[in-house]
Amino acid sequence: MSDFIESMAFYGDTPWHGKGVKLDHTMTPDEAIKTAGLDWRVSLQAAELQGVPVKGYNFVIREDTGAPLGIVKGDYRAFQNWELFDIFAPLAGEHAFIHTAGSLKGGQRVWFLAKLPGELYVVKDDRVDNYLLGTTSHDGSTEILFLHTPIRVVCWNTLEASLRGDTSRMVSIRHTESAQQRVKDASIAMGLAVTRFEEVSQFYRVLANTQVGATVLNALLRCVLPSPKEDKDGKASAIVTAARDEISRLYNAEINNLDPDFTHTAWTALNAVTHFIDHNRKVRGDGDRLYSSLFATGQAMRQRAVDFLTKLVK
């Protein structure tokens with residue numbers, strides 16, 4: 001596996017990145033921890049620089065390898081992998097189960113993707129399923145996060161992004177909260193994801209009924225892939241131009257125009273962008289692509305696309 005994808009396990013359909021240990025049954029939280037290689041602990045160690053203590057800071061140390069995962073303030077509480085899964089455990093069942101779990105960047109980021117009730121066909125043969133992403137970090141960069149994450153099944157495109165004015169996509173949980181409060185917050189996140197799925201379903205259908213011509217598509221590409229060089233001398237850089245050309249190709253591809261009655265729409269454009277982010281964008285490896293898509297620049301690009309298309313259809 002790539003350096004970014006350290007370990008992973010999944011059930012059912014193979015994720016788009018094609019990495020990890022495949023299981024033929026749904027995972028319990030305990031099984032996800034073991035199969036995905038997450039059964040290790042972290043601890044805190046007083047930080048020092050060249051032998052000199054750094055007052056008020058600690059290193060987060062991965063105990064099985066001794067590797068430092070991050071540096072945090074002195075009041076930071078070490079949060080174990082099993083605690084993330086314990087939050088979801090009371091909510092797991094026949095209709096809500098862990099599909100994928102793993103760690104990225106040597107264990108700095110731990111996450112799982114849980115399948116929730118709900119599916120829709122935006123157009124013929126174009127299904128979107130409902131998922132909840134749970135994640136935390138060991139480098140001090142984030143708290144515990146639960147994020148609503150719809151996924152387009154035909155090519156496993158990650159569609160998650162916040163609609164304008166939407167505050168229900170993400171629930172943040174502090175490491176210092178009680179176990180009881182964490183489960184309560186996770187239950188709220190899951191309920192919001194089920195409700196929000198109905199709302200984003202309507203948005204996707206509006207997109208599918210909105211035609212997009214060359215002028216609008218070019219404006220979308222400039223929004224998703226801006227180029228400072230273009231603002232200066234009117235011509236985008238070669239890298240940005242190549243990326244825009246690839247999204248344009250995907251916009252015309254059959255996989256993003258499955259229903260002949262709904263071709264070259266705003267839905268097509270969104271899927272061209274997400275397909276590019278999840279599959280075609282040039283990165284160092286699949287792990288880097290996965291991390292970027294879920295947590296970094298890929299997610300920012302997806303958000304810009306959704307913001308643009310929301311304005312378009314209003």
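Tutor: The expected span of a helix is 1.5 Å times one less than its number of residues; helices are DSSP runs of H or I with at least four residues, numbered from the N terminus. This is a predicted model, in which local features need pLDDT of at least 70, side-chain atom pairs count only at pLDDT 80 or more, and totals for chains, interfaces and linings use all residues. Residues are numbered from 1 along each chain as its sequence is written, and side-chain values use heavy atoms, with hydrogens and water left out.

Student: How far apart are the end C-alpha atoms of helix α6?

Tutor: Helix α6 comprises the 15 residues 238–252. At 1.5 Å a residue it should span 21 Å, and the model agrees, with its end C-alpha atoms separated by 21 Å.

Student: Within what arc do the buried residues of α6 fall?

Tutor: Buried means under 20% relative accessible area, exposed over 50%, and partly exposed in between, with a 1.4 Å probe and protein chains only. The buried residues of α6 are Val240, Ala243, Arg244, Ile247, Ser248, Leu250 and Tyr251. They line one face of the helix, because, seen down its axis, the directions from the axis to their C-beta atoms fall within an arc of 160°.

Student: Which exposed residues does the face of α6 turned away from its buried side carry?

Tutor: That face lies opposite the buried side of α6. The exposed residues there are Ala238, Ile239 and Asn252.

Technical notes. Helix = DSSP H or I, 4+ residues; strand = E, 2+ residues; numbered from the N terminus.
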